[in-house]
Amino acid sequence: MPMDFNKAKFYKSFGSVDQIKNNHLPEFAFIGRSNVGKSSLINALCEQKKLAKTSSNPGKTQLINFFEVEERLFLVDLPGYGYAKVSKSKRELFEGIISDYLVKSSNLFVVFVLVDASIPPQNIDLDFINWCGQFKVPISVVFTKTDKRKAKQIQKNTDDFIRAVSLNWAELPLFFETSSNKKEGLDNLVNWIINSIHNV
Ligand code: GTP
Ligand code: MG
């Protein structure tokens with residue numbers, strides 16, 4: 001059965017994982033450093049400009065936001081982690097909400113860890129990915145902002161990142177490359193999500 005991401009609708013916001021009850025649909029969550037482009041990617045995947053709130057200031061998303069796609073699945077927009085310009089108390093609050101959600105959510109199908117392809121590998125992202133491995137949180141990596149640098153630089157950043165991940169992982173996660181601004185790499189991701197649902 002075809003699934004139309006354009007029909008995604010806001011479902012609910014939660015302040016903590018304990019508020020999420022009786023959810024019967026698989027969840028595809030988006031996580032990554034604050035400002036990496038999580039909310040923008042959800043909007044781009046759904047071809048809607050204002051489904052998820054975006055901002056050039058880090059720390060825009062402060063709750064666990066659920067978006068429902070055709071009563072089949074949820075896209076989950078999470079607050080970002082580890083941005084220096086977000087106050088320490090807020091950072092700790094966000095990180096608590098995120099780790100709690102990732103470890104406790106019973107319907108989490110996969111977490112897309114978003115990584116900015118326009119900058120060299122950051123320890124905070126590598127640490128987060130290793131943390132997911134430790135807690136057996138299923139992940140795929142989605143590089144973002146591939147439009148921001150020349151192709152050669154993007155290639156170097158992503159290669160370096162994958163190499164760094166491979167130092168700690170026997171089996172590599174899946175990697176996707178996207179640009180929400182240029183609408184690149186989005187079909188791949190949507191198709192992968194849809195295929196995963198069909199295989200459940
Ligand atoms: P928080 O909710 O604060 O954690 O941030 P977020 O990860 O949800 O990021 P958001 O989608 O709000 O985008 C942050 C900034 O990055 C905005 O200024 C976006 O316009 C910009 N941005 C997002 N995606 C892209 C992209 O594909 N290319 C470029 N060049 N900029 C992007
Ligand atoms: Mg956001």
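**Helix packing and the ligand site**

Helix α3 passes helix α4 in a right-handed crossing, that is, with the near helix turned clockwise from the far one by less than a right angle. Helices here are DSSP runs (H or I, at least four residues), numbered from the N terminus. The contact, meaning heavy atoms within 4.5 Å, brings together Asp125, Leu126 and Ile129 of α3 with Phe161, Ala164 and Val165 of α4. Sorted by class, these residues come out as 5 nonpolar, no polar and 1 charged; Ala, Val, Leu, Ile, Met, Phe, Trp, Tyr, Cys and Pro count as nonpolar, Asp, Glu, Lys and Arg as charged, and the others, Gly among them, as polar.

All of this comes from a predicted model, in which local features need pLDDT of at least 70 and side-chain atom pairs pLDDT 80 or more, while totals for chains, interfaces and linings use all residues. Side-chain values use heavy atoms, without hydrogens or water, residues are numbered from 1 along each chain as its sequence is written, and chains are lettered from A and ligands numbered from 1 in the order in which they are written.

A second pair is helix α1 (residues 38-45) and helix α5 (residues 186-198). Here Leu41, Ala44 and Leu45 in α1 meet Leu186, Leu189 and Val190 in α5, a contact with 6 nonpolar, no polar and no charged residues.

Then there is ligand 1, with 22 residues around it, the closest being Lys38, Ser40, Gly59, Thr61 and Asp147; a residue counts as near if one of its heavy atoms lies within 4 Å. A nitrogen atom of the ligand sits 2.7 Å from an N or O atom in the side chain of aspartate 147. Oxygen atoms of ligand 1 are found 2.9 Å from a polar backbone atom of glycine 37 and 2.8 Å from one of serine 180.

Definitions and conventions: Helices (H or I, at least four residues) and strands (E, at least two) are DSSP runs, numbered from the N terminus. A polar contact is a pair of N or O atoms within 3.5 Å; within protein, one must be able to donate a hydrogen and the other to accept it, and residues adjacent in sequence count only if both atoms are side-chain atoms. Axes are lines fitted to C-alpha atoms, for helices over the stretch in contact, and angles run from 0 to 180 degrees between N-to-C directions.
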